[in-house]
Amino acid sequence: MAIKKFAVACYDDEEVLFPAVKKVRHSGYKMHDVYTPFPVHGLDQAMGLKETDLHVVGFIYGLAGTATALGFMGWIFTSDWPMVFGGKPHFALPAFIPITFELTVLFSAVGMVLTFCYLNQIMPGVKKHLFHPRQTDDLFVMAVELNDQVTEQEVVDFLKTTGAVETSVQNAETEWWYGRWDKEEDYQLAGS
Amino acid sequence: MHLKYESFVREPLVDGDKTYHQVTEDIVRPIEQKPGRMWYIGFYFSVLLLLFGVFSVTWAVYWGLGTWGVNRTVGWGWDITNFVWWVGIGHAGTLISAILLLFRQGWRTGVNRAAEAMTIFAVMCAGQFPIFHMGRVWDGFFVLPYPNSRGALWPNFDSPLLWDVFAISTYFTVSLLFWYSGLIPDFATVRDRAKTKFRKFMYGFASFGWTGAAKSWQRHEALSLVLAGLATPLVLSVHTIVSFDFATSVIPGWHTTIFPPYFVAGAIFSGFAMVQSLLIICRRIMGLEEYITVGHLEAMNKVIVLTGSIVGVAYLTELFMAWYSQVVYEQAAFQWRIAGPYWWSYWAMMTCNVVSPQLFWFKKLRRNIPFTFIMSIVVNIGMWFERFVIIVTSLYRDYLPGSWTYYSPTWPEIGFYLGTFGLFFTCFFLFAKYFPVIAIAEIKFVLKTSGENYKNKMDKIDAKSTEEFIHEQAEAHHH
């Protein structure tokens, strides 16, 4: 929980946003984050973000599903309660494939979605600061962190030169907090 | 090198002069307005149907399955027919949202949200039938492998019926997750422009606190892609396993290796027809003609003519194999299908599924909306008859002529089926009112490459020579 001060620039086109992101990175100002209404391809590279490992995690969850299904069915039919069905061997691998496949997919999907929510810190009842209400509509919003080394005016003026259609200075909580979206900002209470 | 250019030969996916904000306005409008009279009429009618279904099922559970027309010879009647029919319908949603995503089919963005919703509701309807088919439904949880007091007696993992339990429940879960993860950013869009307290609260809750941060989007893209990759083999496996319910048994007419691909093609066929029925009405009532264009409908009609033809080939292959196998039981089963007491169901299936979709080879008919709507209903009637033919006309004359019988449904069976329509449309009406029926973020994503106003700007680029264009793109990339 930390409240920081940000200079915020809003752009109305991703083609303006890209050069702006590059300029801010070159300038040495500390870019907090960029918020867009839809996925903008290449923005993560432009911002210098690393590629996500979410798919690797999904693969591991999938393997866990495979192992669970084969291990469980194998244990039941060979040691816990061995039975013969239709003359098949106890460990009837071909007959186990459908359930093994389904559990692989199930584990991978459920695990990935939960990991996705955890990494993004999202869940029902979570509230976060919005720098602009239209950042989920048609504005591309960049937040630049302000600190002792820079003045507010200097950063805002700089952001204006990058083609921002709207700029502002805001104090904002950087983390999430429990809250209802129909209530006004209650993070100061949560943070104190 | 990323070329932001798409050929003018492809028609725009979004018609009209749209900005990002206009897209939000258009798609969120139905959520923020009071629904029209048609919505209320449709919704209450669906709820009424649903209640009648609940009554019919309660009747059957209370008095026992003897109230149904199924008997010792025909153990699977309308219930399993309807189960397979609904599951099949669901498959189009996954095909559109997952398989077409992997194939980079841009046109899917206009229809995937509604199609995926249809999948979830259809699977919910489908699931009811095997559950109540159990008879003693209060013991239904016996299908789950849990350490129980019966000496830890486990279900039979070698049985296709148990595979079905896993397949359907996994399919439902994964479809729901895929659908909902796509909805989160769109719920955030609705939340951030909400005027009423109720909407702010509800969509705030439903959007999980989404802000659209770059890293979140990056993970979202990765998640969507992998879920699509998982859903693709999943959807094929589900109907394959459903077909195993039949194919692994030794009933003439069922015991054939052609079933998995034949069932999957049929599922996609009927599912696309259902998407057409729903979207043709939706786009009209909700004023979304610029997002669900005639081009979208035509693309789906192409899938219908393709899968319909595959199904037709499968029907003919079955006939050929019956003759070629020289097995008298197999031959008799197909003779009676064609000219036995259930001949009408076979010919209804043939006409609706094989003959009529061939009309879609004509471009004029593919782009004709009333015709498409009628065809979509015809196809779904045909596909219902297909399942009825496969199930009932393989069972009613078994190996013992003494137990031959004729099966007709009773009112609780018909009421159960009507009830699932009630469930399906109740859910769909609520979806149409409270959910963004088109994926807002995805439309914005394709807007600049495939929107009409942006495509028009490409005329200048089209006039350039190829060398000049490549040179410019390469230069732009270096800076």
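**Notes on the two-chain model**

1. Starting with chain A: its 4 strands make an open sheet, ordered E2-E4-E1-E5, with antiparallel pairing. Strands E2 (30-35) and E5 (166-173) of chain A sit at the edges, each pairing on one side only. From one strand to the next the twist averages 30 degrees. For the terms: strands (E, at least two residues) and helices (H or I, at least four) are DSSP runs numbered from the N terminus, and two strands pair if DSSP finds at least two bridges between them.

2. Housekeeping: this is a predicted model, where local features need pLDDT of at least 70, side-chain atom pairs count only at pLDDT 80 or more, and totals for chains, interfaces and linings use all residues. Residues are numbered from 1 along each chain as its sequence is written, while chains are lettered from A and ligands numbered from 1 in the order in which they are written.

3. Now the pairings. Strand E1 (residues 3-11) of chain A is joined to E5(A) by 8 bridges, with A:Phe6 opposite A:Gln170. E1(A) also pairs with E4(A), over 6 bridges, and there A:Tyr11 has A:Phe140 as its bridge partner. E2(A) and E4(A) share 5 bridges, with A:Tyr35 standing opposite A:Val141.

4. Helix H1 (residues 14-27) of chain A lies across E1, E2 and strand E4 (140-145), at about 10 degrees to E4(A). Axes here are lines fitted to C-alpha atoms, for helices over the stretch in contact, and angles run from 0 to 180 degrees between N-to-C directions. E4(A) is mostly covered, with 5 of its 6 residues buried. Buried means 20 or more other C-beta atoms within 10 Å of the residue's own, exposed means 12 or fewer, and partly exposed is in between, with C-beta atoms placed from the backbone.

5. A:Val141 turns up again in the largest nonpolar core, which has 184 residues; A:Val141, B:Val174 and B:Val275 have the most contacts inside it. Such a core is a set of buried Ala, Val, Leu, Ile, Met, Phe, Trp, Tyr and Cys residues joined through C-beta atoms within 7 Å. Beyond four places in sequence, A:Val141 touches residues including A:Val8, A:Cys10, A:Tyr35 and A:Phe131; contact means C-beta atoms, placed from the backbone, within 7 Å.

6. On the A-B contact: 58 residues come from chain A and 54 from chain B. H4(A) gives the most to the chain A side, with 17 residues. That side has 37 nonpolar, 10 polar and 11 charged residues, where Ala, Val, Leu, Ile, Met, Phe, Trp, Tyr, Cys and Pro count as nonpolar, Asp, Glu, Lys and Arg as charged, and the others, Gly among them, as polar.

7. Two backbone spots to look at. A:Gln121, in the loop between H4 and E3 of chain A, has a positive phi of about 55 degrees although it is not a glycine. A:Gln121 is partly exposed, with 15 other C-beta atoms within 10 Å. B:Phe208, in the loop between helix H6 (197-206) and helix H7 (214-247) of chain B, has a positive phi near 60 degrees. B:Phe208 counts as buried, with 23 C-beta neighbours inside 10 Å.

8. Last, B:Phe187, in helix H5 (residues 160-192) of chain B. Leaving aside neighbours within four places in sequence, B:Phe187 is in contact with B:Tyr203, B:Ala206 and B:Ser207. Its C-alpha atom is 13 Å from that of B:Glu442, 255 residues apart along the chain.

Notes:
Contact = placed C-beta atoms within 7 Å.
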